[in-house]
Amino acid sequence: MHEPQIESGKDPAALYKSRLGMRLFIAYASLYGLFVAINLVQPALMGIMVLPGINLAVIYGLVLILSALLLALWYDRLCRREETRLGNPPKSNTIRGED
Amino acid sequence: MVIGIFLAFVLFIVGLSFKLGKQTKTSSGYFAAGGQIHWFVNGIAFAGDYLSAASFLGICGMIATTGYDGFLYSIGFLAGWVVALLVIAEPLRRMGRYTFADAVDAPFRSRGIQLMAAISTLVVSLCYLVPQMVGAGVLVEPLLGLSYRWGVLMVGSIVIFIVTTAGMASTTYVQFLKGGLLIVFSLVLVVVVCLRGLSTHPPGSTDHPYYQHRILHSAGTEALRIIEPGFRLIEEHDSKVGRFALLEEVNQEIARRCWWKVDTANTGLRLLEGECVVVSTGTGSRRINGMPASDTNHLRPVGSIASLKGETNAQTGPLSPVGILAALGHPDTRVLTWKEGKFNDKAGDHVTFYYPVETPGDRLLRPGMKFKLEGTLLERLDFASLMLALFLGTAALPHILIRYYTVPSPASARKSTLVAIGSIGLFYVLTLFMGLGAMTNGVLNPADSNMAAPLLAKSFGQLLFAFISAIAFATVLGTVSGLIVAASGAVAHDLADRFLDLRLEEKSKITLGKAAAVVIGAIGIALGIMFQGMNVSFLVGLAFAVAASANLPAIVMILFWKRTTAAGVISSIGVGMIASLTLILLSPDLYKLYGLDPSTAPVALTNPGIISIPLGFLMLMVVSLLTKRGERHAHN
């Protein structure tokens with residue numbers, strides 16, 4: 001009862017995925033941090049019109065949302081490629097019986 | 001019809017829970033749905049779990065009242081999922097079993113960690129429960145005609161039923177259903193908003209045609225001398241909240257006395273009509289706009305465009321989403337946003353007055369209406385603090401973390417997070433248009449921003465209102481169910497089974513989990529009633545700060561810092577949790593809730609994250625370095 005019931009097999013791609021995740025996280029955190037920094041230091045900059053009637057704040061906000069999705073898709077694709085290259089990842093768990 | 005759709009929805013959910021409940025025999029099934037949920041279903045259920053009352057009701061309401069500043073919550077909430085996907089999802093899935101405590105305790109097997117992680121799960125879940133319950137009460141009031149208290153009680157009871165029948169399995173399917181419907185119907189709402197376009201004369205809602213608030217002019221520049229006939233000045237009130245005048249309309253059959261806002265314009269003084277609530281200190285009776293409050297006399301819906309690209313009489317016809325942003329963000333567009341002023345009149349009665357403020361479109365669509373970004377250093381820090389908590393909070397929410405254990409493998413955890421980001425991202429883009437739609441269509445309740453999205457739907461007819469309200473209700477049910485499952489897991493699995501080592505039988509463990517669900521649900525109901533009237537997004541922002549301060553340092557450092565020790569983890573959870581809670585309880589907004597002067601609050605920051613999150617990390621590092629080397633765990 002006190003040991004993990006749901007165990008995942010060894011994942012040979014774990015280190016690759018961890019490093020990739022950290023790099024992409026730093027990239028996104030930088031983009032997000034820049035958004036916060038502009039608002040703190042030069043908030044007027046956010047009012048600059050990038051397109052007719054649409055300012056930097058709106059564009060930047062939408063870019064942050066869209067880039068999160070694109071980054072997630074890219075990360076998943078690279079992870080799957082590495083998993084395939086190193087052999088199949090654990091498809092399912094070993095579920096121990098209840099004790 | 002509204003009640004019919006609403007009841008059909010609730011009955012379906014309850015029936016589903018009952019059916020799934022018969023299949024739930026083990027604690028693994030109860031707390032983690034047996035780890036066998038398909039990643040796509042889990043991904044949409046993630047969305048259903050995460051898109052809580054704060055996202056649907058709170059963010060739309062905040063955008064409708066403060067413009068772009070509400071959208072900052074959408075940006076921050078979604079950014080948090082990047083942290084969850086890239087840093088947390090797979091490693092956490094590999095480490096854990098049912099709960100957050102399993103994961104942080106995995107490398108150490110420490111009873112101290114089990115206790116602290118369980119307490120943290122309970123505290124964060126309760127903090128998150130409060131806004132959901134507030135949202136429930138707000139929704140049920142106009143939908144079923146029940147009072148706020150009965151609304152909270154009803155939602156709490158239904159959720160307790162769902163959780164105690166089938167645990168995580170029924171919760172997952174409720175969340176899947178709700179997440180899917182929420183995104184589809186939000187898309188429908190945005191499409192009809194775009195098809196209607198923008199107008200300086202909005203239609204208002206089906207039962208409340210839009211009311212154009214009047215403006216009076218004064219001949220004097222200091223003393224009030226009203227030019228328009230039929231009004232008599234009774235008294236004036238001038239304080240730091242503004243200058244107001246009580247006028248009597250003498251032309252009416254019954255002489256009505258209402259407060260007006262005195263405003264300084266280029267042409268001299270003018271008086272703006274608003275929405276006014278006066279509560280008598282003697283009898284406690286409420287008067288709305290000069291007449292006794294009743295079913296037919298309540299606050300009129302507000303929110304409209306004063307001029308569109310400089311035109312005071314304009315109607316665009318159908319617009320694309322970009323067209324809506326371009327028209328509203330135009331520097332010559334003026335939108336009437338609404339502010340609140342509270343004061344006591346000469347008789348000592350409490351006056352709450354809502355008055356319009358003409359806001360330029362380009363001001364509306366950039367940050368600064370709620371967060372004072374050009375204000376003091378402290379006000380800027382408050383903004384940074386909120387953005388930090390939103391970014392780091394998602395990956396530390398116990399009810400989100402447990403969903404990583406409902407899928408069969410770490411790769412499934414990753415893929416379901418990907419689905420979650422796609423669906424949640426789409427929804428957050430939609431919140432911008434729903435909020436702006438509510439802001440400009442003459443549907444807002446000036447006293448409560450939380451109902452912005454359902455009221456916007458109401459302006460398109462009862463059918464859409466019924467669906468949106470039912471989904472909003474399901475939104476609360478889905479999230480509250482997830483929270484209660486997480487909290488009951490903390491009690492039955494982390495505290496009873498692991499920390500106290502009670503070695504419960506499967507059946508006893510499920511029974512204890514269900515009993516915990518009832519108690520936690522009851523506490524959530526009580527807190528929901530206490531926090532009536534607060535914006536749900538704001539409250540969720542605070543819950544994120546507590547989660548990020550208490551849980552995130554432990555998760556991140558266990559994964560990425562080899563010197564982390566059990567003592568370090570225990571101290572960081574404890575200090576992060578206590579620091580964030582203390583800062584919140586001593587903050588200006590909570591002082592307002594206590595009925596005290598917010599300016600006397602000992603902590604000037606409203607959002608604690610910028611202090612409590614680094615403190616959690618610092619505490620973990622210092623204590624880990626100070627504790628003996630032998631305690632350090634081996635990383636895999």
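Begin by selecting domain 1 and domain 2 of chain B in this predicted model. Between these two domains, one residue pair is in polar contact, with both residues at pLDDT 80 or more. To make the selection, take residues 2-197 together with 372-631 as domain 1, and residues 215-300 together with 330-364 as domain 2. The C-alpha centres of domain 1 and domain 2 of chain B are separated by 39 Å.

Next, display the boundary between the two domains of chain B. Here nine residues of domain 1 are in contact with seven residues of domain 2. The domains of chain B bury about 630 Å² between them, and carbon and sulfur atoms account for 67% of this area. Select Met439(B), Pro446(B) and Ala447(B): they supply 63% of the area that domain 1 of chain B buries against domain 2 of chain B, more than any other three residues. A search for salt bridges across this interface of domain 1 and domain 2 of chain B finds zero.

Now turn to the sheet of chain B. Five strands form an open sheet, and their order across it is β1-β5-β4-β3-β2 in chain B. The pairing in this sheet is antiparallel. As background, strands of a sheet pair through backbone hydrogen bonds.

Finally, show both chains and select the interface of chain B with chain A. On this interface, 64 residues of chain B are in contact with 54 residues of chain A. The area buried between chain B and chain A is about 4800 Å², with 67% given by carbon and sulfur atoms. Two salt bridges are counted between the chains B and A. Select Arg414(B) and Glu83(A) to view a salt bridge whose closest N and O atoms are 2.7 Å apart. Six residue pairs are in polar contact across the interface of chain B and chain A, both residues being at pLDDT 80 or more. Several helices of chain B each supply at least two residues to the side that touches chain A, among them α5 (68-95), α14 (410-440) and α16 (462-499). End the tour at α5(B), which gives the most to that side of chain B, with 15 residues.

Technical notes. Residues numbered from 1 in each chain as written. Chains lettered and ligands numbered in written order. Predicted model: local features only at pLDDT ≥ 70, side-chain atom pairs only at ≥ 80, totals over all residues. Heavy atoms only, no water. Pairing = 2+ DSSP bridges. Helix = DSSP H or I, 4+ residues; strand = E, 2+ residues; numbered from the N terminus. Domains from an automatic or database assignment. Contact = heavy atoms within 4.5 Å. Buried area = accessible area lost by both parts, 1.4 Å probe. Salt bridge = Lys/Arg side-chain N within 4 Å of Asp/Glu carboxyl O. Polar contact = N/O pair within 3.5 Å; in protein donor to acceptor, adjacent residues only side chain to side chain.
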